[in-house]
Amino acid sequence: MMLHRFANPTRFLRLADKVLPWSVLLTVAPLAVGLYLALFVAPPDYQQGESVRIMYVHVPAAWMALFVYTSIAIASAVALIWRHPLADLAAKASSPIGAGFTFLALATGSLWGKPMWGAWWVWDARLTSVLVLFFLYLGHMALMNAFDDPVRGRRAAAILALVGFVNVPIIKFSVEWWNTLHQPASVLRLDGPSIHPDMLWPLLLMATGFTFYYVTLLLIRVKSELIAARVRVLSMSGLNAP
Amino acid sequence: MEEIETFLAMGEHGAFIWPAYALTAAVMIGFAVSSWRDLRARRKALRALEAAAPERGRRGGEAAP
């Protein structure tokens, strides 16, 4: 019921305008404090030295790569089952942001891997499955725009998003299922985080900032898509007017 | 001065740490700016269309400020 209340674009636009200032605040404030703690306060790692500071951007980017893809899969399911117009737009608006986060996870991971592993890249399970995720995002974006009929493009992209969701648990558990150079989870563990609070707090603050950054951009981009749709309708009616 | 140099060197890992942060900032700021610019451009286009055809514009869509 709640979902259908916000299916109305006008209601969504009103809600988005109310939420946006708060989500901007919840992006900027945690990122500012998190960056300060990450660069100036958090201690170096006893094994990795100062290079551990890459974790504060790499790990949130990797979490967001998975979170955004999961959001797209949920939005796609909602769009396919209930024909919810905003769900399609949310998936479309999320895809480039998710691809950006995945690119950042890969690039910052590479910059962390070189000093620690002695290699920019290794074809191990975690890195390869995240690369596959990046290609899934690119495929999703390409499919969205591949058809003259946008509805067909959205439907094809939604099916790809749902099929590709199988990669999400593979990424998460790749470090347990296969031998890998990548370290296992140290925060999202059943027995609680194994990371020291001095490092955990900046990491959580950065992750909070990254999450609200996604919320902010999602609201802006869905708003933008709704206005673009309205512009298309007005332009068409203008062309058809006598 | 020496303190700043030590901070920037990051124990010989500065060449990896700073590009990681710079890249993250560039991608995130880039996305935010381009999304905001798109929204502004589309709003402007909508206002222009609504101004050209006020009776159509009042029927729905985003309310003009």
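**How the helices pack**

Modeller: Chain A has eight helices and zero strands (these are DSSP runs numbered from the N terminus, H or I of at least four residues for helices, E of at least two for strands). This is a predicted model, where local features need pLDDT of at least 70 and side-chain atom pairs count only at pLDDT 80 or more, while totals for chains, interfaces and linings use all residues. Residues are numbered from 1 along each chain as its sequence is written, and chains are lettered from A and ligands numbered from 1 in the order in which they are written.

Read along the sequence, chain A goes α-α-α-α-α-α-α-α. Its C-alpha trace spans about 75 × 35 × 30 Å along the principal axes. Of its 242 residues, 41% are buried (20 or more other C-beta atoms within 10 Å of a residue's own; 12 or fewer is exposed, in between is partly exposed, and C-beta atoms are placed from the backbone). Among contacts in chain A with a separation of 6 or more, 75% link residues 24 or more positions apart (a contact means C-beta atoms, placed from the backbone, within 7 Å).

Now zoom in on H4(A), residues 85-117. With H5(A), it packs at an angle of about 155 degrees, the axes being 9 Å apart (axes are lines fitted to C-alpha atoms, for helices over the stretch in contact, and angles run from 0 to 180 degrees between N-to-C directions). H4(A) and H5(A) are therefore roughly antiparallel (over 145 degrees; under 35 is roughly parallel, 65 to 115 roughly perpendicular, the rest oblique). The crossing is left-handed (the near helix is turned anticlockwise from the far one by less than a right angle; clockwise would be right-handed). Residues making this contact include A:Ala99, A:Phe103 and A:Leu106 of H4(A), along with A:Leu131, A:Phe134 and A:Leu138 of H5(A). By class, the contact divides into 13 nonpolar, four polar and one charged residue (Ala, Val, Leu, Ile, Met, Phe, Trp, Tyr, Cys and Pro are nonpolar, Asp, Glu, Lys and Arg charged, and the others, Gly among them, polar).

H4(A) also meets H6(A), with axes that come within 11 Å and cross at roughly 70 degrees. That's why H4(A) and H6(A) count as roughly perpendicular. This crossing, too, is left-handed. Here A:Asp88, A:Ala91 and A:Lys92 of H4(A) touch A:Arg154, A:Ala157, A:Ala158 and A:Ala161 of H6(A). That contact has four nonpolar, no polar and three charged residues.

A:Ala91 turns up again in the largest nonpolar core, being one of the residues with the most contacts inside it, as is A:Ala90. The core has 69 residues (a nonpolar core is a set of buried Ala, Val, Leu, Ile, Met, Phe, Trp, Tyr and Cys joined through C-beta atoms within 7 Å). Leaving aside neighbours within four places in sequence, A:Ala90 contacts A:Ala75, A:Leu218 and A:Val222. H8(A) gives the core its largest share, 18 residues. H2 of chain B is among the helices that supply at least two.

And chain B? It has three helices and zero strands, and 20% of its 65 residues are buried. Its contact with chain A takes 28 residues from chain B and 35 residues from chain A. On the chain B side, helix H2 (residues 14-52) brings the largest share, 20 residues. By class, that side has 17 nonpolar, six polar and five charged residues.

How values were computed: Two residues are in contact if their C-beta atoms, placed from the backbone, lie within 7 Å.
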